[in-house]
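Here is a walk through one structure, from strands to a metal site. Keep the model open as you read.

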Amino acid sequence: MEIHLKSPAEIDKMRAAGRLAAKVLEMIGEHVRPGVSTGELDRICHRHIVGEQGAIPAPLNYKGFPKSICTSVNHVVCHGIPSDGKILKSGDIINIDITVIKDGYHGDTSKMFLVGKAKEHARRLVRVTRECLFKGIEAARPGNRLGDIGHVIQQHGEANHYGIVREYCGHGIGRGFHEDPQVLHYGAPGTGVELRPGMTFTIEPMLNAGTRHTRLSSKDGWTVTTRDRRLSAQWEHTIAILDDGCEVLTLRDEER
Ligand code: MF3
Ligand code: CO
Ligand code: CO
């Protein structure tokens, strides 16, 4: 394992990339409504990233991924492929995951959108999953360890009787999309890699309404779903460990 510690100049570039990724999520919100297809959302984001931002959508052609963003609806856990045939309807929940490359550095962030009128149980899953992300962020400071982040996420998710996905995790990020270390969303306090200033990584918990177990589509090789086909939610931020805590590089205006 090789963790790249970023210099202040590199963190500045990560900040710029993170801000652009956050802006894409801010831009797409008004387009997420009943009747729109995930393929259309992909095209709008692609145009914004390439045309307005002068950035690169990192997922496009990444290990063969065919689109510019990931759109994961309802029981899709992550890595959903946008398509013109997938039309959003009232009551759906959707994760939109944006990763951009700017000046050689990646910014990676996702959020959940409620389409039309979502049911209370769906809203609750979405809310608790976001709380897990922010509990993880609060545990991200020098001297703490990765296991401290995983632990608070696991505690909060399981206290709410949700299944915490283990097959996918957060990751170091920088010039690479997925760098070391792996950031697990479960774990024991005081274990794992010690956090140091200059580390940049994502935290991106996935919580399932039912079983934590997932299935990978053998048809497209990407789409991950819950085994029991119950709902799943995910939120993601890219953060940098600083001397006195951490900075969320992909924070949106609505979160300030
Ligand atoms: N953005 C995802 C993550 O959070 C990775 C997507 S890989 C892709 O790590 F190929 F599906 F785009
Ligand atoms: Co990520
Ligand atoms: Co992502």
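Strand 14 and strand 15 form a hairpin, with 2 residues between them. Strands here are DSSP runs of E, at least two residues long, numbered from the N terminus. Leu-242 has Gly-245 as its bridge partner in strand 15.

The model is predicted: local features need pLDDT of at least 70, side-chain atom pairs count only at pLDDT 80 or more, and totals for chains, interfaces and linings use all residues. Residues are numbered from 1 along each chain as its sequence is written, chains are lettered from A and ligands numbered from 1 in the order in which they are written, and side-chain values use heavy atoms, without hydrogens and water.

Now the metal site. Asp-97, Asp-108 and Glu-236 coordinate the cobalt ion (ligand 3) at 2.0 to 2.4 Å. Donors are N, O and S atoms within 2.8 Å of the metal (3.2 Å for Na, K and Ca); water is not among the atoms, so sites may look incomplete. Along the chain, the donor spacing reads D-x10-D-x127-E. Asp-108 also bridges to the cobalt ion (ligand 2), and the two ions lie 3.3 Å apart.

Why does the pair Asp-108 and Glu-236 tie together parts 128 residues apart in sequence? Asp-108 lies in strand 5 (residues 105-114), whereas Glu-236 lies in the loop between strand 13 (232-234) and strand 14. Both are buried (under 20% relative accessible area, exposed being over 50% and partly exposed in between, with a 1.4 Å probe and protein chains only): Asp-108 has 2%, and Glu-236 has 0%.

Definitions and conventions: Two strands pair if DSSP finds at least two bridges between them. Helices (H or I, at least four residues) and strands (E, at least two) are DSSP runs, numbered from the N terminus.
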